[in-house]
Amino acid sequence: MHLRILTGERLVAVFLCGCVLFNYPLLSLFDRRVDVFGIPLIYVYIFAAWAGLIALMAWFIERSRD
Amino acid sequence: MSKKVLIADDEPNIVISLEFLLRREGFEVLVAVDGEEALNKARAERPQLVLLDVMMPKMNGFDVCQALRADPEMAGMRILMLTAKGRDTEVSKGLGLGADAYVTKPFSTKDLVAQVRQLLGV
Amino acid sequence: MLNGPAIFAASLLYLVLLFAVAWWGDKRADQGRSIIASPTIYALSMAVYCTTWTFYGSVGRAAVSGIGFLPIYLGPTLVMALGWFLLLKMIRIAKANRITSIADFISSRYGKSHLLGGLVTVIAVVGIVPYIALQLKAVSGSVSLLLHYPEIVMPGRSATLPVFADMSFYIALILAAFTIVFGTRHLDATERHEGMVAAIALESGVKLVSFLAVGLYVTYGLYDGFADIARRVAAADGLHRLATAIPTGQGYTGWFSLTLLAGLAILFLPRQFQIAVVENVGESHLKRAAWLFPLYLLLINLFVLPIALGGLLHFAGQGVDADTFVLTLPMAQRQEGLALLVFIGGLSAATGMVIVETIALSTMVCNDLVMPALLRLRGQALAGSSDLSRLLLGIRRGAIAVILLLGYLYFRLAGEAYALVAIGLISFAAVAQFAPAMIGGMYWRGGTRGGALAGLSAGFLVWCYTLLLPSFAKSGWLAADFLTQGPFAIALLRPQQLFGLTGLDEISHCLFWSFFANIGAYIAVSIMRPPTAAEASQATLFVDALKHARPVGAALWRGRAKISDLLALVGRFLGPQRAEAAFADYARSHGGVAVDVLEADAELVHFAESLLAGAIGSASARVMVASVATEEPLSLSEVMDILDEASQLRSYSRELERKSRELEAATRELKAANERLLELDRVKDDIMSSVTHELRTPLTSIRAFSEILRDDPKMHLADRERFLGLVVSEAERLTRLINQTLDLAKIESGNADWHATEVDLKALIEQSVAATSQLFRERGANVELDLPDQLPSILADHDRLIQVMLNLLSNAVKFLPPDAGLVRVSLRAGADGLEVAVADNGPGIRVQDQQLIFEKFRQVGDSMTAKPAGTGLGLPISRRIIEHFGGRLWVQSAVGEGATFCFFLPFAQTGGATEIAPAQGVHSQFVMEKT
């Protein structure tokens, strides 16, 4: 029951990436009155980034199952 | 009729002494100076006894002994191995190959003659 | 349709379903066919994180602060990416040490301290009981709302109902019953509750489905998608900010604090620890849960903002509490079924949280508060009792009931007070205080019991002062002056602007100061003194949890115990049957012997202690084991030695591998050397055999002729003389042989005397030829000399070179054809030495025999002639002589073309002797210098 070292490193990278994506200053870039298909930009951004991170984690983890 | 004895040894002086001893005992003596000659003469002349030195050129005494024993036509032939190598392994090897007796050099002439007479049953 | 009996029936039906699932889960677990052994179930059960605070409260928060609720779910998402390291390590540690609660974890890490366990329990209870109250309040509120259907009446006054008319009281009772039934069915060393986990997973499913249902309904049924809601919001006053911006009251700092806080909560909330660590049935489940659980969080939050905004639009100016939007929106639209589903979803969120949290807290209360107290106060009485498992179960059940009643009481007392409404984050901040001791404990060996106590106490006090007391003040339970003026009107001590720190929201403010105090005290006190033996040993068990394939716990105990005592002790707490079964398992895995012949060694004592630890906590377990076992305390240095040993095992094993490789290489070399020796031995044996053979041969002739002469005095004179001549020549041969053998032995052993002089090789050759002229004449052969004048002399042993020449010449003579023999001896000067060649016109030597002739006793006779005369030592001796003077001796020949023996001697001796055999060369050269 060991993830390959690389998978562990990738997950750490996801964590660090998420820390950057979900904090100032990156967050402030999307904190403006712009809509994407009528939906507020910040909302779209956070959920997209969130989903992206989850997808990355899923991809890294599931791919490491041999 | 006198018994025929083949002496096979590559040492000329030993051959001389053996020849002298056996002739004196009244045997007919043949001489061979190497293994091949010994085998050929044994086949051709059918001596009752072969005195076979182990260390001979071309074919050693063991091989000659083995070849003689492998030939059923020479089943009755007695073989007496002579060797200067007195190690037990060699003695048992010789006997294992079918030699009737084994005498190490240097030998007592009396004993050798007695041994020869015994083997020939005279 | 939505009336009291229907709601009651639906609730009851749902709870019965939970009972059934839990019962089934337990039954299957007993059969060894776990229904929760799946990463999906594990991830779903982790979603117990989402309570009514999420289910109802997120929409409420969103209605006030827009997306400000999201960090509470982003934090756990990020931590789950790291969960791989953190959670895995916590699981390993907990499994290896039978840790069943976060209090036990911390207590065990810092030397199995009762005091620490108790402190953690107190913090947890203080922090969590209001949170339980919040769940009861939410259920009570939702019931109250539904009861007024079709009107929408805010449940503000429901708390004034008498207790026995309050449905949430009955819900609390039912939850207590459920928790007691499935949480304390039996005492188990692992403290796992599979049925309960199955029920929790089901509840997580229900709450997700119902929330998604209401979200979809509001977004796409009530409105025309999120874009439609956003468009309407843009038109409404003051609402647009909610949809588009980080809330001003919070700011990025608050956002960050919330993320951090939630990230810590997902690890250290007692219910999360219970589900993620204690109830984990397989480490591998962590892998899929690491992304499934965040996915769950994402899904349950997807429609929070649309519902909040939709509710604000829909109920604009009607005074409907945003916390109730999830329920009131379907109610307002007469969606009875949906409303009921939402109610059940909310019930799920509440019950799930309450059940798990209560189990976790009751374990802590029992193991870390009550048991230590009992042991201290009534230790003697306990020691006399033969089966304490009933007592233990009783304590747990009592604890569950008390905790739930406390929660209900708090809910009744607090009502709508701020202290209850804001409790979600306040709770998070309380359990966040565990983080330094927990994380430090898992990764830093230096943390001590004192440090943990100091850190936890300081953090807890600061939390109380900056967050809990202010919430009381805001609820009106304390004078408002406390907040605005500070205690005793000391402005610097204002709880939410502590020491004048402003510009932070209250959570960030509390987090900063409490962590400042907590981490500061933890580190400062820890580094004041080195860890004790107990702390150091536990530190290693925790810090190196992922390194040791097998726990080293057993290595850190030394003493004596009796198996019967241990069995009885464990039996008293777990029940005799469970204890016997556990010991039998242990015996099976240790050689399959019977329990009573097991050796009560350190490993068994450790096993018994960890069994007990599961039931009564590690600190109490240690005390109890100490009561039946004579432990010899290990000194710190001994512990360090053992730990060093453990931590060095890997480097040792690497070292061992290296050594074993070296050993293999050495063995190979030895084997080779041995083979060489055996070969040498065999060669020596052969030489001895050859020597004796060579000696026996002339002896044979001598003896035979002597005996013939002796036995036959009348022999002819001619024969007599011939035989005597033969005896003499054989005797000479024997003498020669002995001399040469000794000579060769002397040369080879380096004991030969060498007399190096200036040698005129030309003269030497002539002398040798003269000495052998008789031989040539007898053979009718000629010798041709080809010797140039004026050659430089050479440094060598004159007599030895004569010996070589005589040997070569007499060898040549032996093989010459009769009467046509010709031997040519030539001498040539080269740039660096002289070369002598002795060529004959004999039969030549076969190529394969050309090396053989230089070996001892190897005579290569021509097939047509008899055995050559000679000892078979001449050439080997000659070669060694030449080599001694740095030269070489070789033969060139082809069959039928004669043979040419050559030797080369260098002018300057370039250490030729040392080339052959260095050890001997020194001696030889010394002799040469002497002469």
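This is a predicted model: local features need pLDDT of at least 70, side-chain atom pairs count only at pLDDT 80 or more; totals for chains, interfaces and linings use all residues.
Being 4 residues apart in helix α10 (residues 225–235) of chain C, R232(C) and D228(C) sit about one helical turn from each other. Their side chains meet in a salt bridge, with 3.2 Å from N to O. Over all chains, the rule counts 26 salt bridges.

- Buried or exposed, how does D228(C) count? With a relative accessibility of 7%, D228(C) counts as buried, because that value falls under the 20% cut-off.
- Another pair is E506(C) with K474(C), whose closest N and O atoms are 2.6 Å apart.
- That pair links distant parts of the chain, 32 residues apart: E506(C) belongs to helix α24 (residues 506–526) of chain C and K474(C) to helix α22 (residues 449–474) of chain C.
- K474(C) is partly exposed, and its relative accessible area is 37%.

**Salt bridges within chain B**

- R46(B) and E73(B) form a salt bridge, and their closest N and O atoms are 3.0 Å apart.
- R46(B) lies in the loop between α2 (35–45) and β3 (49–53) of chain B, while E73(B) lies in the loop between α3 (61–70) and β4 (78–83) of chain B, so the pair ties together parts that are 27 residues apart in sequence.
- R46(B) is partly exposed at a relative accessible area of 37%, whereas E73(B) is exposed at 59%.
- A network of salt bridges links D9(B), D53(B) and K105(B).

**Where chain A meets chain C**

- Here 35 residues of chain A are in contact with 38 residues of chain C.
- The two chains bury about 3,500 Å² between them, and 75% of that is on carbon and sulfur atoms.
- The rule finds 1 salt bridge across this interface: R288(C) pairs with E62(A), with the closest N and O atoms 3.0 Å apart.
- There are also 5 residue pairs in polar contact between chain A and chain C, both residues being at pLDDT 80 or more.
- On the side of chain A that touches chain C, at least two residues each come from α1 (5–21), α2 (26–29), β2 (39–40) and α3 (41–63) of chain A.
- The largest share of that side, 12 residues, comes from α3(A).
- By residue type, the side of chain A that touches chain C has 24 nonpolar, 6 polar and 5 charged residues.

**Where chain B meets chain C**

- In this interface, 21 residues of chain B are in contact with 27 residues of chain C.
- Chain B and chain C bury about 2,200 Å² between them, 57% of it on carbon and sulfur atoms.
- Which residues of chain B lose the most area to chain C? They are N13(B), F20(B) and P106(B), together 24% of what that side buries.
- The rule finds 1 salt bridge across the interface, in which the side chains of R733(C) and E11(B) meet at 2.9 Å, N to O.
- Two or more residues each come from α1 (12–24) and α5 (109–120) of chain B, and α1(B) gives the most, with 7 residues.
- The side of chain B that touches chain C divides into 8 nonpolar, 5 polar and 8 charged residues.

**A hairpin in chain C**

- Strands β8 (residues 888–893) and β9 (residues 899–906) of chain C run antiparallel and are joined by 6 bridges.
- S893(C) has A899(C) in β9(C) as its bridge partner.
- The hairpin has 5 residues between the strands, and G896(C) takes a positive phi near 90 degrees.

Key
Residues are numbered from 1 along each chain as its sequence is written. Chains are lettered from A and ligands numbered from 1 in the order in which they are written. Side-chain values use heavy atoms; hydrogens and water are left out. Contact means heavy atoms within 4.5 Å. Buried area is the accessible area (1.4 Å probe) that two parts lose on being put together, summed over both. A salt bridge is a side-chain nitrogen of Lys or Arg within 4 Å of a carboxyl oxygen of Asp or Glu. A polar contact is a pair of N or O atoms within 3.5 Å; within protein, one must be able to donate a hydrogen and the other to accept it, and residues adjacent in sequence count only if both atoms are side-chain atoms. Ala, Val, Leu, Ile, Met, Phe, Trp, Tyr, Cys and Pro count as nonpolar, Asp, Glu, Lys and Arg as charged, and the others, Gly among them, as polar. Two strands pair if DSSP finds at least two bridges between them. Buried means under 20% relative accessible area, exposed over 50%, partly exposed in between (1.4 Å probe, protein chains only).
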